[in-house]
Structures are given as C-alpha cells and as structure tokens.
Amino acid sequence: MKHRHVLQYINQHFKVKLILILSVIIIVCSMVTGYVSYRIYLNLFESEISKQYLNTSEQTIEQIGFKIQDMYRITDFIFFHPLVEQIVQNMHAEPAEGESTEYRSFILERDLADILLPVKNETPQIRALYIVDLQGTNNYFSHMSPSLQIEFPEFYNRVKGSLKSESAELVWQRMLIQDSSDPSGEKSHLVAARLLKSTKQQTVYGMIIMIIDESFLATTLESLMAGRTTGAYLYDQYNRILYSREPEGSIGFVPDWEKKKGIFTQRTEDGNDYLFVKSVFEPRSFTLVSGISLVDIEAKGRRVYQVALISGLVSVMLMAVCVSFFSGRLLQPLQGLVAAMQQLRKGNLRVTITKTSNDEFAFLAESFNTMAADIQSLIQEVYVSKLSEKEAELKALQAQLNPHFLHNALNSIYWKIMLLYEDEETASLVTSLSELLRYSLAPVSTPSTLQDELAQIRNYITIQEARHGEDLHVSIEAEEELRGCGMQRLLLQPLVENVFVHAFRDQTANKRLSIRAFRQHTEMHIEIEDNGCGMDADTIRHIMKDRSVHDQHGERESLGVRNVTRRIYLVHGEPYRLDIQRLQQGTMMRLILPCEAYRPMKGGAADESAASG
C-alpha cells in the first residue's frame, strides 16, 4: 500500500517527476562519464606500463642469455678438446708395463685438472663440475663448496634420466641436492649436463655435469621483481620450467603462455588482473615469462569512477534544492491552470484564469478562457439544437407513414363488409390494412421486436397476394432466438414496399421474394432478396451515400430506402447500416442491426400506444 501511495504521489506532482527525471539523467551521465574515464585511464597506463615492462623483460632475457652462452662456451671447450676425450677413454685402458693402475689414474686425473684449471678459475658460479664416464664413474670433480654431498653413480643415473636424447645438446634442470649448508639439508640448484661424444666416431664416451648456484639467475631477475609482480618464470628449450622467482609471502600465478605472443593479460582465480610479457632468447630458445599486477592501477581507476559518481550525487542534491526553491514561482501559473481544469471538469463553465505573466503560461491562460467560453456557447448553440433537430426529424419521418384517420375508417368498412355482405376475403384484406395502419400510429420511439415487424410484413404481403395472385411467391424465415430482439418500428415495410413498387414493376410472372433473419456474432442480419429488375450501380451508390430524407431531385421512388438508412444512422450509428447488393437477377438488401433483447417501457410511449389502440 505504501508503494502505491508513493507512486500516486509521484504521478500527481510535476515537480517530483521533474526532480526524478533530472536525477536519473545526471546519475546515468555520471556513470557513463566515470566509466569512460576509468577505461581511458586503464588503457593509458596499461599501454605505458606494458612498454616499460616489456623493455625490462627483453633486457633481462638478454642478460640471462649471455650467461647461458657462457655455459655453452665452457662445455664446448671441454667437448672439443682432444686431450679430454683421450684422457677419459684411457681411464679404463690397461696400464703400461711396469706402471700401476693407481699411478696411471693419478697421472691422467692430473692432466685433466691442468686442462680444466682455467674453467675452474673463470666460473665462480659453478659450484661443482664433473666429467663422468659411461659407467657413472667420476673421473674429475671440482668442488667450490665442500658442503655438497654427491654420490656416484647414483647422481649420474639421476641426471642421465632427464636427458631427452643422445644428442650433445646442453640440457638444463632444477634439482634438490644434499647440501649441509642449508638448515633443511637440501638445496635447490641448477644442473646443466651434456653428453661427451668422440669427434671422429661420434660415439658417446662420457658426460659433463655442472652444478650451478641459483644466484646465477636470481640476481638477473631482480629488476623484474620490483613492484606487485606475480612472478618470473624461465623455461628451457623444451618448454620445461627451469627457474622461477615468486614474490615473498604469496603464491605465484603461472599463466597460459605457450600460445601467447609479446604482451597479454590474464585474470587469476581471485579475480585480480595481471599484465604478462613473454620474451624469448632466440639463439638457445629460452623463454622468460613474467607478470605485474594491475590491482593498483585498477584501484586508482576505480577512484576516478567513484569521484565521478560522487560528483553526480552532489549534482543531484543541488539540482533538487534548486528545483524545489525556484519551481514554486515558476510553476504557480501551471498550478492555477490545473485547478481551473478541475473546476471545468466538475461542470463549472464560468471559471476563468487570471493572467499573471507574459510568457507561455499567459498564452495557456488565454486559450483556456477562450475554450471555456466556446464550450459553453457550443452546448447552447450546437448540442441542444442538435437534440431538438433529431427529435423533430424523427417526428417528421413518423408523420410520413402514419395517417391516423385511415385506421378508424378501415375499421368501419371491415364491420360493414362482414355484417352486410359476409365477404371474408375482402374483410381479411381490410383487416391487414387496418393492422398496418394501427401499427404505424405508435410513435417511432415505441419499442418493437422482430416478431412484430414480421407480423406487419405478413399483413402487407396478404394485401399484395390479393393483387398479384399465384404469380407471387413469398418466404419468410427467422431464427427463433431472434424473434424477441428489439428493433425500430417500420424498418422492414419501406424496403418490402420498394420491391413491389420498383422491382416487380414490369414483371408479370414468377415473382419471388425471400426474407431471412439470422444472427452473426453480436449482430442481427435481415436479408430481403427479390428476382425483380434490380438496381443499377449509380442508383445504389447514390442511395448509400445520401443519408438525408429531402427529395431534392424529385426521386420519390428512393424515399423509403433513404428513410430507413437515415433512421438507422440517427438511432444506432456505425457500424450498423443498410447494404444493397445487385444480384445476377434481382436485388438483395441487408439490414445489419444490433442484437438486443426487447425491454418494454413502463409509463412511456409503449403504454400510450397500447392505450390508443
């Protein structure tokens, strides 16, 4: 109920509707403006940040690439050195005569150490370097840190299992290795391994294994880890993750990067957006993927959006105050106009509006005063006169058909024929004519029914049968439910009379007349069909177009039809009417009337008619 009262209050007050409409417009404009500003802000900053972050990522992958190239250079030095192959293969050869196996191994290991001494001194990031034969025997090792605890051949088999093929490519992996320097006893290291092949026979004779500290890559990634990053991820040539660096105290987010190029964005499960860049070191097919959070940028953009909304709300409040303050004077003439219209609706046609300004409201006031005066004049001059004209016209129509004196004369003739001459046939004709005249004596406003109308038509047919004899064939059919329907008096008689006067004028034999009454939806249709000479199209068009009863052209033969058309129009109006249709032989006239039950009048014209009869 409260909602209904609120809506009713809003609908009845223009000022409230004006405030609401303007409020909606301001809020919608503020939301659209704020959202557009928010998107422009995000796009601008994302574009600038993505360029800077991409440059940093490209520089980082280049630095990592240079370090990886150093590892390839070290392994190439060992791989292509001819003495390394010779020393490793001689480890399992038979010692010379007079030479012990231990002495020969000592000499070979010393020679190998002399060869690899420059590598050991130039690469401090390598914590250990091993040259292992195919049996997993470590022929050379160099520990930078004694904390590493590695056992062969188990470590060799572990590394060998990660190699993709028998190729001599350097393969990288990240492994947990026992390290006493770490409190947990294990520490993650980078392990780079490469098979040693004979340069002549291309047969594998051993493996190079390098254990590299993770700081080898970690220091290079420091520049990417500044700010709200989701992590940096380095992938090897097989798209396996080699090293990852994630922000402290949070779990990183690894994006779907393989089908992406350059710069792309992705949303995490918690709804945060991250900007990712993908950089590739082409010489070795290493890929660096790193991301930076857009949370801060989106938060600042949302603040722009919020400021726009707050500005819109403030504007709404200021607008409401201004409208409430100024509308009282501006809308005062309109309120006066509304009050005057309410008085006019109650029937006070003498109400007037005093003009208080010279603007559009003054024009409305003058127009209202003129309109009220015109309405009052029209009621007196048009409405009342039209009612009088209608009543006079109905009386004139009645006068054309109701010769009262003939009824009394015919009654006298009937009794004289029956008493003096005993001629029942002639007396029946007089009775039929008398009934016709008596029926027509009642005022036109007296209610009648279809049954009464058809009874008078049968009286009329009785008179015509005496004239035309056996050459006349008449059928009258009416649905039983329609017999009690009310209709105007004397609507059918002029139409039936028109058939005998005009349609059968020159026809001497086989004269057929059919009258049918049936219901169609809410309408009563009465069809009068004959096989006479028919009407031409011009006559039909003239009768249907002319609704007056004045005989301006002396065409009295169409007076009865126009009489019926005019009466239907005056009493019922559209869509009820008389239709005339030319048949192949003859004419069909169709009355379309409302199908309404007969309601007798008490103390009215009906009673008066009965009393006079």
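Modeller: Let's start at Pro 575, which is in the loop between helix H15 (559-571) and strand S16 (577-582). Keep in mind that this is a predicted model.

Colleague: What makes the bond between Glu 574 and Pro 575 worth a look?

Modeller: That peptide bond is cis, with omega at about 5°. Most peptide bonds are trans. Another cis bond joins Phe 152 and Pro 153, again with omega at about 5°. Pro 153 sits in the loop between strand S2 (138-143) and helix H5 (154-160).

Colleague: Phe 152 again, then. How many aromatic pairs are there?

Modeller: The count comes to nine. One of them is Phe 152 with Phe 155, at 5.8 Å centre to centre and 85° between the planes.

Colleague: Why is Phe 152 called partly exposed, while Phe 155 is called buried?

Modeller: Buried means under 20% relative accessible area, and exposed means over 50%. Phe 152 has 21%, so it lands in between and is partly exposed. Phe 155 has 6%, so that one is buried.

Colleague: What about Tyr 274 and Phe 276: why is their pair called tilted?

Modeller: Their centres are 6.3 Å apart, with 40° between the planes. Stacked needs under 30 degrees and edge-to-face needs over 60, so 40° leaves tilted. Both Tyr 274 and Phe 276 are buried.

Colleague: What makes Ser 285 stand out?

Modeller: Ser 285 has a positive phi, near 60°, although it isn't glycine. Most residues other than glycine have a negative phi. Ser 285 lies in the loop between strand S9 (273-281) and strand S10 (286-293). His 521 also has a phi near 60°, and it lies in the loop between strand S14 (511-520) and strand S15 (523-530).

Colleague: Last one. How do you know which charge sits over the ring of Phe 79?

Modeller: That's Arg 194, whose charged end is 4.6 Å from the ring centre. The distance cut-off is 6 Å, so 4.6 Å passes. Lys 67 lies over the face of Phe 216 at 5.5 Å from the ring centre.

Definitions and conventions:
Residues are numbered from 1 along each chain as its sequence is written. This is a predicted model: local features need pLDDT of at least 70, side-chain atom pairs count only at pLDDT 80 or more; totals for chains, interfaces and linings use all residues. Side-chain values use heavy atoms; hydrogens and water are left out. Helices (H or I, at least four residues) and strands (E, at least two) are DSSP runs, numbered from the N terminus. Rings of Phe, Tyr and Trp (its six-membered ring) pair if their centres lie within 6.5 Å; planes under 30 degrees apart count as stacked, over 60 as edge-to-face and the rest as tilted. Buried means under 20% relative accessible area, exposed over 50%, partly exposed in between (1.4 Å probe, protein chains only). A charge sits over a ring if NZ of Lys or CZ of Arg is within 6 Å of the ring centre and within 35 degrees of the ring normal.
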